[in-house]
Amino acid sequence: MLLVILFVGVLPLLCGLYPAKMESVQGGEVSGTKIYVYGWIVIFALFEVLCVPFVVLLKSFRAFSKVYLVCVLMVAVISALLSVWMWRKQRMEVAQVPGTRKEERRRKIGYYMLWGAVMVLVLAQMVYLYFYGHMDGADSYYIAQSVLTDYYDTMFQRDSYTGMPIGLDERHALSVNPIFITWLANMCDMHPAAMAHSVLAPVLLMLMYCVYTMLGRALLKEHRSYVPVF
């Protein structure tokens, strides 16, 4: 459980600190939602860039897994250090400006109640998805591909329906989501199928609502109290 929290909770937050902080320098605002979303974008983008060459060159999954782990941890550490440096620099600049004060925000009780209702509803959907997750025909390929990757130490080199070697599956070689599921499952010491259905499914649902929140804040800049309603 601790490993799951570290890899789907702490790691995205660390990776997203610097991009969110950079946006705040350009006039945006920093929020936990934005940091988390940006963190997952960094993780997914880095995975795609590194994984595809390993897949095309028919390299082993274990070799790629080690390389990616080192790279993503480096990105997380660098992101955290740079964001701390920028925060300290910004704090010193603010301290040198006479009469500068932090903006005080007043929020009504109803506003908190609306956000509380939103969180309860999202949590209810995550719990429902955990126990009654939808499974369809796509699982027979993508989840099977994740399991084959873990078992045979190959990436897109075996038929998902039979397990037989087929060389490089050029049709799906750029769609590395099954490989990501396997990598995350290995890091958290879980079976790939359990990772996909019991962990990633609820987490990605929550991530989707984080994106909705960012979209609402962008559309309703002058009416921020409407964001939870949105």
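**Entry 1: α4 and α7**

I looked up the crossing of α4 and α7 in this predicted model; α4 passes α7 in a right-handed crossing. A crossing is right-handed if the near helix is turned clockwise from the far one by less than a right angle, and left-handed if anticlockwise. I noted the stretches: α4 covers residues 109-131 and α7 covers residues 192-219. Helices here are DSSP runs (H or I, at least four residues; strands are E, at least two), numbered from the N terminus.

Two packed helices are described by the angle between their axes and the distance between the axes. For α4 and α7, the axes come within 8 Å and cross at roughly 155°. Axes are lines fitted to C-alpha atoms, for helices over the stretch in contact, with angles from 0 to 180 degrees between N-to-C directions. The two helices are therefore roughly antiparallel to each other. The cut-offs are under 35 degrees for roughly parallel, over 145 for roughly antiparallel, 65 to 115 for roughly perpendicular, and oblique for the rest.

Which residues in α4 meet α7? I found W115, V122, Q125, M126, L129 and Y130. On the α7 side they meet H197, S198, A201, P202, L205, M206, Y209 and T213. Contact means heavy atoms within 4.5 Å. The residues of this contact divide into 10 nonpolar, 4 polar and no charged. Nonpolar covers Ala, Val, Leu, Ile, Met, Phe, Trp, Tyr, Cys and Pro; charged covers Asp, Glu, Lys and Arg; the others, Gly among them, are polar.

**Entry 2: α1 and α6**

I turned next to α1 (residues 2-25) and α6. Their axes come within 9 Å and cross at roughly 140°. That makes α1 oblique to α6. L3, F7 and V8 in α1 meet W183, L184 and M187 in α6. By class, this contact has 6 nonpolar, no polar and no charged residues.

**Entry 3: T182**

T182 lies in α6, residues 177-187. Is T182 buried or exposed? T182 is buried, with a relative accessible area of 0%. Buried means under 20% relative accessible area, exposed over 50%, and partly exposed in between (1.4 Å probe, protein chains only). The side chain of T182 reaches the backbone oxygen of S146 at 2.9 Å. Beyond neighbours within four places in sequence, I found T182 in contact with F61, S146, T149 and D150.

M155 is buried, at 0% relative accessible area. Setting aside neighbours within four places in sequence, its contacts include F54, F61, F64 and I179. M155 and V176 are 21 residues apart in sequence, yet 8.8 Å apart in space, C-alpha to C-alpha.

I checked phi in this loop too. D153 has a positive phi of about 65° although it is not a glycine. D153 counts as partly exposed, at 24% relative accessibility. F156, also in this loop, has a positive phi near 55° and is likewise not a glycine. F156 is buried, with a relative accessible area of 0%.

**Entry 4: the whole chain**

How many helices does the protein chain have? I counted 7 helices and 0 strands. The C-alpha trace spans about 70 × 40 × 30 Å along its principal axes. Of the 230 residues, 38% count as buried.

**Entry 5: ground rules**

Residues are numbered from 1 along each chain as its sequence is written, and side-chain values use heavy atoms, leaving out hydrogens and water. In this predicted model, local features need pLDDT of at least 70 and side-chain atom pairs count only at pLDDT 80 or more, while totals for chains, interfaces and linings use all residues.

Note on methods:
Polar contact = N/O pair within 3.5 Å; in protein donor to acceptor, adjacent residues only side chain to side chain.
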